[in-house]
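Dear colleague,

I am passing on a structure that you have not worked with before, and my notes on it follow below. Please read them with the structure open beside you.

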Amino acid sequence: MVESEFSGKNEKERQTLWIVLGLNLAIAAGFFAAGAIGDSSALIANGLDNTSDSLVYGISLLALSRSSKWKRGAANVSGGLLLIFAVGILIDAWRRYVGGSEPLGTLMIAMSLIAAVVNLACIWLLGRLKEPDVNIRAANTFSLNDFASNGGILIAGGLVWWLGSNWPDLVVGVAVAGIAAWGGIGILRDAHDEHHKAVHNHQPE
């Protein structure tokens with residue numbers, strides 16, 4: 001009976017992660033297209049963010065039926081990817097600052113609203129899972145980070161449209177990098193805490 005419940009829980013988590021993975025791939029493609037058309041650092045940053053998330057959801061799917069040690073390893077990879085992504089966004093923002101850019105505020109606003117709806121759906125789906133493991137918690141961190149980033153794009157898009165300047169777009173690009181770095185550190189800490197719990201309770205790896 002317990003084994004059946006565990007199998008059912010795993011299957012529900014697997015289905016949820018597949019849906020969230022598909023949504024993130026779709027929104028990442030939308031961000032890249034809009035970022036290229038709109039010359040926006042913030043949109044490109046979120047496209048990279050969602051691509052990074054998608055890779056992590058794939059890792060989480062692989063980790064579902066694995067040991068606790070494997071799951072913690074997958075979470076460490078997830079956190080590390082977010083930190084790498086943050087560095088990449090900072091480099092892109094600096095390039096646009098030095099070389100100049102002309103972001104389209106109206107496109108930024110439209111894309112941020114579409115992405116917000118998608119990320120809310122992801123948060124709702126992940127929130128329905130009971131007793132989430134370290135990788136599911138990491139996935140939820142990503143979705144919450146993305147939703148916060150969408151709010152930043154919305155504000156930046158309004159300021160770009162109003163002021164006719166690129167600095168709000170660059171500021172949000174850097175802020176997205178900061179959010180990603182903070183989320184990555186949080187995931188790494190969570191995985192570290194899980195390891196200590198396992199050692200303290202002498203749980204099998």
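Which salt bridge do the side chains of Asp92 and Arg96 meet in, and what is its N to O distance? The side chains of these two residues come together in a salt bridge at 3.0 Å, N to O, where the term stands for a side-chain nitrogen of Lys or Arg within 4 Å of a carboxyl oxygen of Asp or Glu.

Before going further, please note that this is a predicted model, in which local features need pLDDT of at least 70 and side-chain atom pairs count only at pLDDT 80 or more, while totals for chains, interfaces and linings use all residues. Residues are numbered from 1 along each chain as its sequence is written, and side-chain values use heavy atoms, with hydrogens and water left out.

**The salt bridges**

By the rule given above, the count comes to 3 salt bridges. Asp92 and Arg96 are 4 residues apart in helix α3, so about one helical turn separates them; helices here are DSSP runs (H or I, at least four residues), numbered from the N terminus. Asp92 also forms a salt bridge with Arg95, with the closest N and O atoms 3.0 Å apart, and because these two are 3 residues apart in helix α3, they too are separated by about one helical turn.

The side chain of Arg96 meets that of Asp39 as well, in a salt bridge of 2.8 Å, N to O. Arg96 lies in helix α3 (residues 68-99) and Asp39 in the loop between α1 (2-38) and α2 (41-63), so this pair ties together parts that are 57 residues apart in sequence.

As for accessibility, buried means under 20% relative accessible area, exposed over 50%, and partly exposed in between (1.4 Å probe, protein chains only). Arg96 counts as buried at 8% and Asp92 is buried at 12%, whereas Asp39, at 26%, counts as partly exposed.

**The surface patch**

Elsewhere in the model, Trp161, Trp162, Leu163, Trp167 and Val171 form a nonpolar patch on the surface, with about 650 Å² of accessible area together. Such a patch is made of residues with over 30% relative accessible area and no salt bridge, its nonpolar side chains (Val, Leu, Ile, Met, Phe, Trp, Tyr) being joined within 5 Å, and accessible areas come from the Shrake-Rupley method with a 1.4 Å probe. The largest share of the patch, 3 residues, comes from α5. Trp161 is found in helix α5, and at 61% relative accessibility Trp161 counts as exposed.

With kind regards

Methods
Patch = residues over 30% accessible without salt bridge, like charges linked within 9 Å, V, L, I, M, F, W, Y side chains within 5 Å.
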